[in-house]
Amino acid sequence: MRFLFKTSYEDDIKLFPHLGYFVSYGILLALLLIAPYVLSSYLMSQLVFVCIYATVGVGLLILTGFTGQASLGHAAFLAIGAYTAAYLQKYNVPFPAYFLAAGALTGLIGAMVGFPALRLTGIYLVIATISFALIVEEILARWESVTNGNEGMRVKTLSLLGVTVPRDSPTFYFLCLAVLVLTIVGTLNLLRSPTGRAFVAIRDSETAARSMGVNVALYKVKSFAISAAITGFAGVLFAHKLSFISPEMFTLQLSIEFIIVVLIGGTFSLHGAVLGAIFIVMIDPFLTYLKDDMPGIIAGIAATFGAGPATAGNIQSKVAAFASLNGLKGAIYGIIIVLFVLFEPLGLYGRWLKIKLFFQLFPLYKRATFKRQKIYVKSERNR
Amino acid sequence: MLDFVQQLVSGVALGCVYGLIALGFVLVYKATEVVNFAQGDLMMLGGFFAFTFIGMMGLNYWIGFAGAVAAMALFGMLAERVVVRPILGYPQFSIIMATIGLGYFLRSVAGMIWGTDDLKIETPFSQGVLRVGSLVLAYDKLSVIAATVILCTLLWLFFNKTTLGTAMRASSENMLAAYYMGIPVKRVVSVVWAISAAVATCAGVLLAPITFIHSNVGLVLGLKAFPAAVLGGFGSIPGAVVGGVLIGVIESMAGFYLAEGWKDVAPYIVLLAVLLLKPEGLFGLHVRKKV
Amino acid sequence: MSYFRAENLSLHFGGLKAVDAVSFAVEKGEILSIIGPNGAGKSSIFNLISRIYRPTSGRIFFEDQDITEQPPYDIAKLGIARTFQNIELFENATVLSNLLVGRHRHSTTRLWQELLFLPSVRANEKVHRRRVEQVIEFLDLEPYRDKLISGLPYGVRKVIELARALCSEPKLILLDEPSSGLNVEETGDMSFWIRDMKNELGVTVLMVEHDMSLVNRVSDRVIALNYGRVLAMGSPAEVQQHPDVVAAYLGA
């Protein structure tokens, strides 16, 4: 175990409290930088999506994890960012300009959503954000002069300072990575400043926050705006990565995926957004891999347990038929969500911390350290 | 004018279905403060059960109906036991996610079992129409309205006149206190889920003649029933039905009188407007935290 | 003019008069206690001052400024801090960040500066931290700095709430039942702290309290309330002997 001796107030402000952080994040960064020259183009493409999803995840964490305001409408913010980019591109606006414009516009709309949301809590807020997202989706489909309706819009290849950056080039990946890293650093800065603490205060007790001088309404709107703006930035990258956008890409399904990113990753730390993004982006190729290879593996196992070649072949075709059933993916998805909520409420990052603690304390780790207390339902209506 | 009445009736009929789904939300919410995002999918599953009994096994409509309701009541209890009970009392957000996961699962499994085609259930009142003057009202729509009225009355009586109903109201106020007073809280919660799944099934079966049953119908209608419940002030049984009818009427009027595209968003615009003015819905109680 | 003054303050919930035409004044640097049976309207007066409720009628003045219509978050900015009867801490944050929220009214940095964590933000953070450390030392909270609130015992939380209020460097502090739920020893500590707050930090204290021994030990003056009305006002001994007060407590 490591013991930290703090000798100045600076020690509590630092982003990297000790040398270990420099080493591990340094290695991570090095790996990420050489990734495009090592990994296959398919995996690189997935990695770009991880960056984009993680950026949205960080934005959503600010709102949901730290300010305590649930949102099931973040797909709409992503859409607004993406469409702003595609629209401004038509008028030959350079990338830096429309990138910033998309963030600014989304942030503004986020603030506008924040205002009516001020008086709403819990389930009412969830429904209001869903409604907002559905309305935006409909507007995108109907406002044909700007969005080209259901036909969708083509997004031209990104060009930065006169150099074209194709969507599958390493440069584009580095751009996405840079946006993600900047977002994370900015958010960490915010969290160690008065604004971040005000967010947490609002999450835990609005009354107390108010009595300590926090203008709750203002900070909620700020949180909405920041969260939306970050999602808007991600939207621009999303549009470029897909090179084509249409309203049906930004459905409630996508909003739910973003929430799952946060939930599965862990809602109490920014690590969660990244881990959750890796999970949600990588589950698809993983399931495809299972679908292709599982029947053979199971047949192999059956054969080693003494099944004849005919039986093994039979098993293989049965499993293959089951694996190719329509909707199996959705079912597995559903089961994973339920299992996470039931058994790992702290998310992947929570699991990581537990594993770390296990080795730090070895052999003294007790399971009871993380045992959940029994909670009885008290009506939130009277709270 | 005739058009208006015609639209009104079909709006009310559609709204009753929303109201019935919303009723399921409200029942579960009242008893456990759990918002069940899979309610629409329970309805879908109920519809498929009824289809299996009536359409595939060829049972009498009423027997099949009752069978589906009973089967779904059991299923509701099972879902509660497996998914909800272990996390009862955790932050609302976690439970919402769990039920969203349950919804995913049910939708996919239903798609795997019954396929992705639209299915239709033949009912005794699929065909007939009632003529009042020059007004033509289809029986299937009237049957939905009638069934909603009957179900609501029964539920109201159940909650206000029976001991079990009182126990449910008590445990919804304060579960720990109710437990100390000797109310078997766990069983009560089970029963609430059974009732809510049964109500959802009624909605699913009644809906079948109006819209087809397919694996995504729960998601689509659930998204309409939600505003209905919120409009009514989440937690009020009459509120849910009134909210549902309002949403149904708004939708059908917007579809008839306004340009294409308004039909789907009009309910949400109205909902946002109402929430702006009354953040606790039309019939919700405004309560504030005591410090 | 008085330092803090409530004039004809009323709060009605329908027909129930929780607070009924209450007037009182607090002098700078004194400790004034409000006592009374349950439901007498003591906490309601606090909630009126911190603008959680809007008074039905009446006005509130602080340092000769009418604060009746100020938004709730401005009350803290004027230098009035409070604690809560049932503890309202930020459960899932550390003690340190709870106390730093107490510094919120002194934060001057802007959002864009915070996003970049400019040197000015860093410097400000250190100033806040130094102030917080002074309060931690004052209330002996050193062992708990990095602990999460949700894992701490009740008595400690009570002190942390007091600390959070002190971190805002208030001129007037409202203590809502500072000793409720504390054992005898902890109540003793509390009474020393309350007196030190007045003598060393120069804070004016308005407090609601049930424990008469604590009230007697620290108060300069006492107000007794019942059914939202003032029964008696004066030194602790005078108020306790007042026939109306005796009747209210004994139910005669």
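**A residue and its neighbours**

Tutor: Leaving aside residues up to four places away in sequence, C:Ala163 touches C:Leu99, C:Val135, C:Leu139 and C:Leu141; contact here means heavy atoms within 4.5 Å. The model is a predicted one, in which local features need pLDDT of at least 70 and side-chain atom pairs count only at pLDDT 80 or more, while totals for chains, interfaces and linings use all residues. Residues are numbered from 1 along each chain as its sequence is written, chains are lettered from A and ligands numbered from 1 in the order in which they are written, and side-chain values use heavy atoms, with hydrogens and water left out.

C:Ala163 belongs to helix H6 (residues 154-167) of chain C. Helices (H or I, at least four residues) and strands (E, at least two) are DSSP runs, numbered from the N terminus. The relative accessible area of C:Ala163 is 0%, so the residue counts as buried. The term buried stands for under 20% relative accessible area and exposed for over 50%, with partly exposed in between (1.4 Å probe, protein chains only). C:Asp140 lies 23 residues from C:Ala163 along the chain, and the C-alpha atoms of the two are 9.9 Å apart.

Chain C has a further enclosed element. Helix H1 (residues 42-49) of chain C is largely enclosed by the rest of the structure, because 8 of its 8 residues are buried. Among the buried residues of this helix are C:Lys42, C:Ser43, C:Phe46 and C:Asn47. Just after H1(C), C:Arg51 has a positive phi of about 65 degrees.

Charged side chains come next. Side chains of opposite charge can pair when their charged atoms come close. A salt bridge is a side-chain nitrogen of Lys or Arg within 4 Å of a carboxyl oxygen of Asp or Glu, and by this rule there are 23 salt bridges over all chains. One of them joins C:Glu125 to A:Arg197, with 3.0 Å between the closest N and O atoms. This pair crosses between chains, since C:Glu125 is in helix H5 (residues 119-138) of chain C and A:Arg197 is in helix H9 (residues 194-204) of chain A. C:Glu125 is buried at 5% relative accessibility, and A:Arg197 is buried at 8%.

Within chain B, B:Arg85 and B:Glu80 form a salt bridge with an N to O distance of 3.2 Å, and both residues are buried. In chain C, a salt bridge connects C:Asp20 with C:Arg229, again with a closest N and O separation of 3.2 Å. That pair links distant parts of the chain, 209 residues apart: C:Asp20 is in strand S2 (residues 16-26) and C:Arg229 in strand S10 (residues 229-234) of chain C. C:Asp20 is buried at 13% relative accessible area, whereas C:Arg229, at 46%, is partly exposed. In chain A, salt bridges that share partners connect A:Glu206, A:Arg210 and A:Lys220 in one network.

Consider now the interface of chain B and chain A. About 4800 Å² is buried between these chains, 71% of it on carbon and sulfur atoms; buried area is the accessible area (1.4 Å probe) that two parts lose on being put together, summed over both. Of the area that chain B buries against chain A, 14% comes from B:Phe93, B:Tyr104 and B:Met112, more than from any other three residues. The contact involves 56 residues of chain B and 52 residues of chain A. On the side of chain B that touches chain A, H4(B) supplies the largest share, 14 residues. That side divides into 37 nonpolar, 11 polar and 8 charged residues, where Ala, Val, Leu, Ile, Met, Phe, Trp, Tyr, Cys and Pro count as nonpolar, Asp, Glu, Lys and Arg as charged, and the others, Gly among them, as polar.

Finally, the cysteines. A disulfide is a pair of cysteine sulfur atoms within 2.5 Å, and the structure holds 0 of them over all chains. B:Cys152 is in no disulfide, its nearest cysteine sulfur being that of B:Cys16, 8.0 Å away. B:Cys152 is buried at 17% relative accessibility. B:Cys202 is likewise in no disulfide, and its nearest cysteine sulfur, that of B:Cys152, is 11 Å away. B:Cys202 is buried, with 12% relative accessible area.
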